[in-house]
Amino acid sequence: MSRAPQPFDPAARSDERLVLDAGAVRAWSARTAEALGRERAAIDAINVFPVADGDTGTNLHLTADAAHRAVEAVFAAPGASAPDTADAVRAMAHGALLGARGNSGTILSQLLRGMAGVLAEGADGDHLARALAAAAVSAREAVARPEEGTILTVATAAAAGCADGGTLPDVARRAYEGARTALEATPGQLAVLGRAGVVDAGGQGLVAVLGALVETVTGRAPETLPPSPAPARAPAPEETCGPGGEGPGYEVLYLLEAEDAAVELLRARLDALGDSLVVVGGDGLWNVHVHVDDAGAAVEAGIEAGRPHRIRITHFASAAPAPEADRPDGAPARARGERAHRAVVAVLPGEGLAGLCAEAGATTVQARPGEPPAGDDLLAAVRRAHAREVVLLPNDTDLRSAAAAAAERARAEGIRVALIPTRAAVQGIAALAVHEPDRSFDEDVVAMTAAAGATRYAELAVAERQSFTSAGVCQAGDVLGLIEGDVAVIGQDLTDTARTVLDRMLQAGGELVTLVVADGTPPGLAALLETHVRRGYLAVDTVTYHAGEGAPPLLIGVE
């Protein structure tokens, strides 16, 4: 039976440890959260870079608190064996990744991840020195455009200070001293810090983290720096981000489930959209942080890379942007009058469905069988919407490239465009249902994206020729049931095939079934399917729309 870690006595030299065991990691995580909580207000007060929004201390504390809660969860897991160092440091890093806040919090999570990879192999002084070196490298690699005079500089100095290795207490002390010395030099490395007369806020937080480590392994709190004074002057607009300055106006963060190759493409795309880009994590789970003017485009990029969630968007200024008519440099109104505030452009099959969405306020583009709209058609629709902000719903996987090209061309004309990569008309209907033009553009895009992403889709089609499919060989005239774009059912009867497809989709749960029927579909099909759902799935509602001519026989959506 394992013994619970004993509390450390700060006055006792005998508390020095030669190995950072699981109990010491637990104590370090607790002390880190406590230290950052204690220094939160002071660090917030000196936060002038990259954005003078006064939240670096708060973000670091929240990140450290999430890391500590993850470590505690490992120790509290019922029935599990006592955790070792690898379990504890990995939990600390993973908790920080999930709970990372802001620019500095995201970098701190990557520092902990870099350390965890080495400390999982050994926990003596030499391993700690190597862990700090790996952490500094991995954090710098995670930042798209590293700046000196920041937390990255302090991390590099900490690793350099203990590069020769040694006992665990000696390595921790030298790392702390190296970090503290580097922190004092940051005003001379970053002009905005020098003009404000403060050290880097993120670096100050990292010194607190390393101070907690020293106290954990030596039993004594290290000598601390006197608190940095409040900035001598506020940064000039050109020195910071957000409205009034030259930098972006929004901070966007999200967790992302994606493959490595997709993340590399995402980095390039987000780097072109804004600045302060940090992408941390690995093994399929990432934390993304970026400052942009077009928050919708940043979220859209994440959707194309994988599955983003826990999306957080923060506007750096409390005041909303002035209406275009109030801007001295605003674009002139178009010939037929002042532009609308926001519009939705949707590609839809069938005249009836296009008319339905037009009644809901959307500008529609009809997709006819064998004649998908081109990029020029989509751009023309965006222009026709005559709005300052446009949400574009392609509603077809094959239209994604054309829609992306149209969105880029529209942005070059001064129109703010968010492309939600909807793959089927039922996803577009779900997105349009939650569209609220009175809320902020980014909130609207996030809500519409979430509604579309929560809608699974299927389609019934009739095979034109013999073919090999994912469900087997089909013959000309067979009814094909496609779920999420893949043939899942091959049948001979439209009604039976529709019931089978619907049952398969509802096996995964659902609250609302959307049926879209075309002209030429058997008249009683929708009623039969509604009855089938009502009898077999008591908690599921059904709604039916008529697509008219030019649509597939049946489209199904399950939300």
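Predicted model: local features only at pLDDT ≥ 70, side-chain atom pairs only at ≥ 80, totals over all residues.

Guide: What follows goes through the helix contacts, then a few local details.

Begin with helix 3, residues 85–99, and its contact with helix 1, residues 22–45. The axes of helix 1 and helix 3 are 8 Å apart, and the packing angle is about 20°. At that angle, which is under the 35 degrees used as the limit, helix 1 and helix 3 are therefore roughly parallel to each other. The crossing of helix 1 past helix 3 is left-handed. On the side of helix 1, the contact is formed by Ala22, Val25, Trp28 and Ser29; helix 3 contributes Thr85, Ala88, Val89 and Met92. By class, the residues of this contact are six nonpolar and two polar, with no charged residue.

Helix 3 also packs against helix 2, residues 56–76. Here the axes come within 7 Å and cross at roughly 140°. Helix 2 and helix 3 are therefore oblique to each other, since only angles over 145 degrees count as roughly antiparallel. The crossing of helix 2 and helix 3 is right-handed. Helix 2 brings Leu62, Thr63, Ala66, Ala67, Ala70, Val71 and Val74 to the contact. Facing them from helix 3 are Asp87, Ala88, Ala91, Met92, Gly95, Ala96 and Gly99. This set divides into 10 nonpolar residues, three polar and one charged.

The charged end of Arg26 is placed over the ring of Phe75, at 4.4 Å from the ring centre. As for pairs between aromatic rings, the structure holds zero.

Helix 11 passes helix 16 in a right-handed crossing. The residues in contact are Ala295, Gly296, Val299 and Ile303 from helix 11, with Asp442, Val445, Val446 and Thr449 from helix 16. Five of these residues are nonpolar, two are polar and one is charged.

Two backbone positions remain. Most residues other than glycine have a negative phi. Ser276, in strand 2 (residues 274–282), has a positive phi near 50°. His386 also has a positive phi, near 55°, and lies in the loop between helix 13 (375–385) and strand 7 (387–393).

Technical notes. Residues numbered from 1 in each chain as written. Heavy atoms only, no water. Axes fitted to C-alpha atoms, helices over the stretch in contact; angles between N-to-C directions. Helix = DSSP H or I, 4+ residues; strand = E, 2+ residues; numbered from the N terminus. Parallel < 35°, antiparallel > 145°, perpendicular 65-115°, else oblique. Left-handed = near helix turned anticlockwise from the far one by under 90°. Contact = heavy atoms within 4.5 Å. Nonpolar A, V, L, I, M, F, W, Y, C, P; charged D, E, K, R; others polar. Phe/Tyr/Trp six-rings, centres within 6.5 Å; stacked < 30°, edge-to-face > 60°. Lys NZ or Arg CZ within 6 Å of the ring centre and 35° of its normal.
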